[in-house]
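Please examine the sequence and structure before reading each solution.

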Amino acid sequence: MDTLKAEKRSMDIKAKKLRREGFVTGNVFGRDMEGSIPVKMEKPAVERLLKTSGKGSQILLDIEGQTMNVLIKEVDFNGLKGRVDEMDFQALVSDEKVHSTAEIILINHEKVNTGMVEQHLHEVAYKAYPSALVDKIRVDVGDMKLGDVIKVGDLEIASNPEIDLTTDPETAVASVIEIHSGAADTAEEEETAE
């Protein structure tokens, strides 16, 4: 499990100033905590972490030597400045189910030769105890044929008794659609026009 170092931050210093100094600000909250803990993390450390973990990932947060098992709840990316501004974490308690999301990653789509794979859903929402948290779902679409549809209910996560899906099991994840060739369509239109 990845570990991210953080420091408690004083609310006297504005988040904007901390971001200019190379920090990402955030908050840690949880059932067994009074209020939340405002934190700051070094930007390079956050960027390294986000290469392997994202929203819905379980990590260890080291706040000035005290390690907490947390869930990355929110990542606020500033597209204009190309950086992460804010990250929020939920402290996990072993006997409490938490709301989370798992990213859907389609694999082997290059093997589909009867059409084009279209991804309709990019994450699945669910509730689970910390021991059953999932941050990524890999879906092998290599055997799909034209007209096939994979739904949330078909995914491995749906058959896990420790996970309660909050995304509708009937929601389409991916399907194989017909490829419409632009050049062929234009040629047909020209023939019809003559």
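**Exercise 1.** Determine in which sense, parallel or antiparallel, strand β5 and β6 pair, and over how many bridges.

*Solution.* Strands are DSSP runs (E, at least two residues; numbered from the N terminus), and two strands pair if DSSP finds at least two bridges between them. In this predicted model, β5 (residues 66–78) pairs with β6 in the antiparallel sense, over eight bridges.

Residues are numbered from 1 along each chain as its sequence is written. Local features need pLDDT of at least 70, side-chain atom pairs count only at pLDDT 80 or more, and totals for chains, interfaces and linings use all residues, while side-chain values use heavy atoms, leaving out hydrogens and water.

**Exercise 2.** Identify which residue in the turn between β4 and β5 has a positive phi.

*Solution.* Strand β4 (residues 58–63) pairs with β5 in the antiparallel sense over six bridges. Among the partners, Q58 is bridged to L71 in β5. Two residues lie between β4 and β5 in their hairpin, and E64 in the turn has a positive phi of about 50°.

**Exercise 3.** Explain why strand β6 is largely enclosed by the rest of the structure.

*Solution.* First, β2 (residues 23–29) runs parallel to β6 and is joined to it by five bridges; V28 stands opposite F89 in β6. Next, eight of the nine residues of β6 (residues 83–91) are buried, so the strand is largely enclosed by the rest of the structure. Buried means under 20% relative accessible area (1.4 Å probe, protein chains only).

Definitions and conventions: Buried < 20%, exposed > 50% of the residue type's maximum accessible area, 1.4 Å probe, protein only. Helix = DSSP H or I, 4+ residues; strand = E, 2+ residues; numbered from the N terminus.
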